[in-house]
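Biologist: Thanks for sitting down with me! Could we go through the charged pairs here together?

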Amino acid sequence: MSGILRTTDVAVSDVDLLDRTVIAVREAGAALRERFGEVVRYQTREELMRALADNDDTALDILRPRLTRLNPDAGWVEDELDSGALPPGEWWVVDPAEGNVNHLHALPEWAVTATLVRDNQPVLTAVHLPLTGETYTALTGTGAYLDGRPLHVSQTADLGLSLVATSQARPDEDEKVVRRVGSSITAMLFDALVVRTSVPATLHLLNVAAGRIDAFWQFAGARADLLPGALLVTEAGGQISDAEGRPWTPKSESFLAAAPGIHAEAVTTLSR
């Protein structure tokens, strides 16, 4: 498929499209940063969901019109809990407040993400961390970057010397998945040096791409959590699969991103 996308005004290359996507996620991040700092108090699940939706809407009011103008023929996905394959063609997969619950609790681990997917393959992504001002980007075949600086995964070859991470897949997860998450953490506690468990998934994957974390895994999971990081890790030289070592797709029931030197060892641990 051609690397040229038609907008309402001019033809925009993927490189230019990524540059404009970066502007959009930074603007949305600035709006969310204005809402950050106080712990949001809520008494019921309904109040929590309204608070989460308010954050999402604040960012989407900026992201949706800007990204739609850039590529009006692309479909639009903004539910961060959606999973599975997309229909053929181009789609914007957006998480307007990745780590939204952290934002509500005045914790710093949250971001704004926008990824263009073609035929279920991520081709460009921009992930912005408003509190640090950092922006991570990747474009298929050109590498992964942090504010223009190339990223490279870890060179470690020993899981026993590795810092690894996982994330809760989603609220109200199926009991079978929850138990599998628990057993995988136990297995990694025996085999890895340090195990980190927290949300959101995307921030762990940024760290894998940057070589700070050696591997990340998750069971189930959502497209918006995994597609940005999958592209960043791959473009930074990492290896992506499901937890059993098979090729990963949005339909997969598990996900593993690792430095090549420990990928096979991580698969063995997660398969126990």
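Biologist: Glad to start here: which residue forms a salt bridge with Arg246?

Modeller: This is a predicted model, where local features need pLDDT of at least 70, side-chain atom pairs count only at pLDDT 80 or more, and totals for chains, interfaces and linings use all residues. Residues are numbered from 1 along each chain as its sequence is written, and side-chain values use heavy atoms, with hydrogens and water left out. A salt bridge needs a side-chain nitrogen of Lys or Arg within 4 Å of a carboxyl oxygen of Asp or Glu. For Arg246, the closest N and O atoms are 3.2 Å apart, and the partner is Glu244.

Biologist: Is Glu244 buried or exposed, or in between?

Modeller: Buried means under 20% relative accessible area and exposed over 50%, with partly exposed in between (1.4 Å probe, protein chains only). Arg246 has 47% and is partly exposed. Glu244 has a relative accessibility of 42%, so its class is partly exposed.

Biologist: Nice! Which residues are linked with Arg246 in a network of salt bridges?

Modeller: Side chains of opposite charge can pair when their charged atoms come close. Here the network links Arg246 with Arg180, Asp242 and Glu244.

Biologist: And which residue meets Asp14 in a salt bridge?

Modeller: The N to O distance is 2.8 Å, and the partner is Arg118. The pair links distant parts of the chain, 104 residues apart. Both Asp14 and Arg118 are buried.

Biologist: Lastly, how many salt bridges does the count come to?

Modeller: By the 4 Å rule, the count comes to nine.

Technical notes
Helices (H or I, at least four residues) and strands (E, at least two) are DSSP runs, numbered from the N terminus.
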